[in-house]
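Subject: Structure handover

Hello,

Here is the structure I promised to pass on. Please look it over first, then read the notes below.

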Amino acid sequence: MESTQTNGAVNLEKRLQDPETRAALVHLLDRLDTIERAVDVLDRIEHQWSPVLQTTADVVDDELTRAANRGVVLDERASEALTLVEKLTEPDTVEVLTALIDRLDQLEQLAALADQLPDATMIAVDTIDEALTQAADRGVVLDERAREGLQLLEKMTEPDTAQALGAVLDRAEHLERLSALAETAPDAIATVVDILDAEYARAAEHGYDPERLLRQTIESLRRLSDLFQSEEFEALLDSGVLDPGALQAVGSLGSALVESQKESQRGETPRRGFFGLLGALRDPDVQRAIGFIVSFAKKFDQNLNGK
């Protein structure tokens, strides 16, 4: 024990011999007056503010008691407040709050708009009421219209209807062209009607009755339709009369008749007696014609007899 006290005295003496320790002690002694004045101030504060602190403590205790009576657990509230402070100081939260602060002007405008919203809502309600009253005066039953609208919406959203609408929308370009054509169609139709009216008037001036011609054309078409559907026409088609070879033979006969008639009209057909006829039989063309006639007579007889 005595050895320990001796070592402590030696260490103290060494520290007192240290220049830095001496400078610190001198600096402390120079400020003894200041320290003493500070102690006096603290002493006065203790005596003067003690009642105030006591009153404040009583007030705080009363508020804590009232809060507890209201079911407020201050420890829990304090924990929640610390949690809230922690969240508020997170980098993401700080960034969001900073952005909100930068947009305070817009928030103020939004708040002003919110203040005006009740008046605007009342005006809108009055307008809607007036529109409903006018609709009722026109005999419009809005409930019925609403039901019909819902039914229409239901049909439009059915899969088949939606698919059909999709197909129509895929052809929107064609619909636009059709719409443009529909816009110009009335003018075109009016022009055509004017032309037909002018032609009709011109035909009437020349004693031509288009309506009668139209009726006759329709009647002719009706008769032709009956003819084409008849058994006689079907038999005609099967007879071979319309065969290309038969038509060519009939055409040759017609051409020969026309040319002979023209020669006769021109006086180019020579008169022939019995001997002239015998001389013509030596002509190769006449001989082929006579051979054709004889062959036709033979075939005709065979057809008549059903051979």
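A polar contact is a pair of N or O atoms within 3.5 Å; within protein, one must be able to donate a hydrogen and the other to accept it, and residues adjacent in sequence count only if both atoms are side-chain atoms. Helices are DSSP runs (H or I, at least four residues), numbered from the N terminus.

This is a predicted model: local features need pLDDT of at least 70, side-chain atom pairs count only at pLDDT 80 or more, and totals for chains, interfaces and linings use all residues. Residues are numbered from 1 along each chain as its sequence is written, and side-chain values use heavy atoms, leaving out hydrogens and water.

Helix ends

Asp209 caps the N-terminal end of α10, with a side-chain oxygen 3.2 Å from the backbone nitrogen of Glu211. Helix α10 runs over residues 210–228 and has 19 residues. Its end-to-end C-alpha reach is 26 Å, close to the expected 27 Å. The expected span is 1.5 Å times one less than the number of residues.

Helix α12 covers residues 244–265. Asp243 caps its N-terminal end: a side-chain oxygen sits 2.9 Å from the backbone nitrogen of Gly245. Just after α12, Gly267 has a positive phi of about 75 degrees.

At the start of α14, a side-chain oxygen of Asp283 comes within 3.0 Å of the backbone nitrogen of Asp285. Gly306 follows α14, and its phi is positive, near 70 degrees.

The largest pocket

How much space lies in the largest pocket? About 580 Å³. A pocket here is an open set of points on a 1 Å grid over the protein atoms alone, where a 1.4 Å probe fits, with protein on both sides within 12 Å along at least five of seven lines; lining residues have an atom within 4 Å of a point. The volume is the space filled by probe spheres set on the points, which are joined across faces, edges and corners.

The lining has 15 residues. Ala246, Ala249, Val250, Phe292 and Phe296 lie nearest the centre. Helices α12 and α14 (284–304) each supply at least two lining residues. The largest share, 7 residues, comes from α12.

Salt bridges

A salt bridge is a side-chain nitrogen of Lys or Arg within 4 Å of a carboxyl oxygen of Asp or Glu. The count comes to 7. In one of these, Arg177 pairs with Glu173, the closest N and O atoms being 3.0 Å apart. The two are 4 residues apart in helix α9 (residues 172–205), so about one helical turn separates them.

Best wishes
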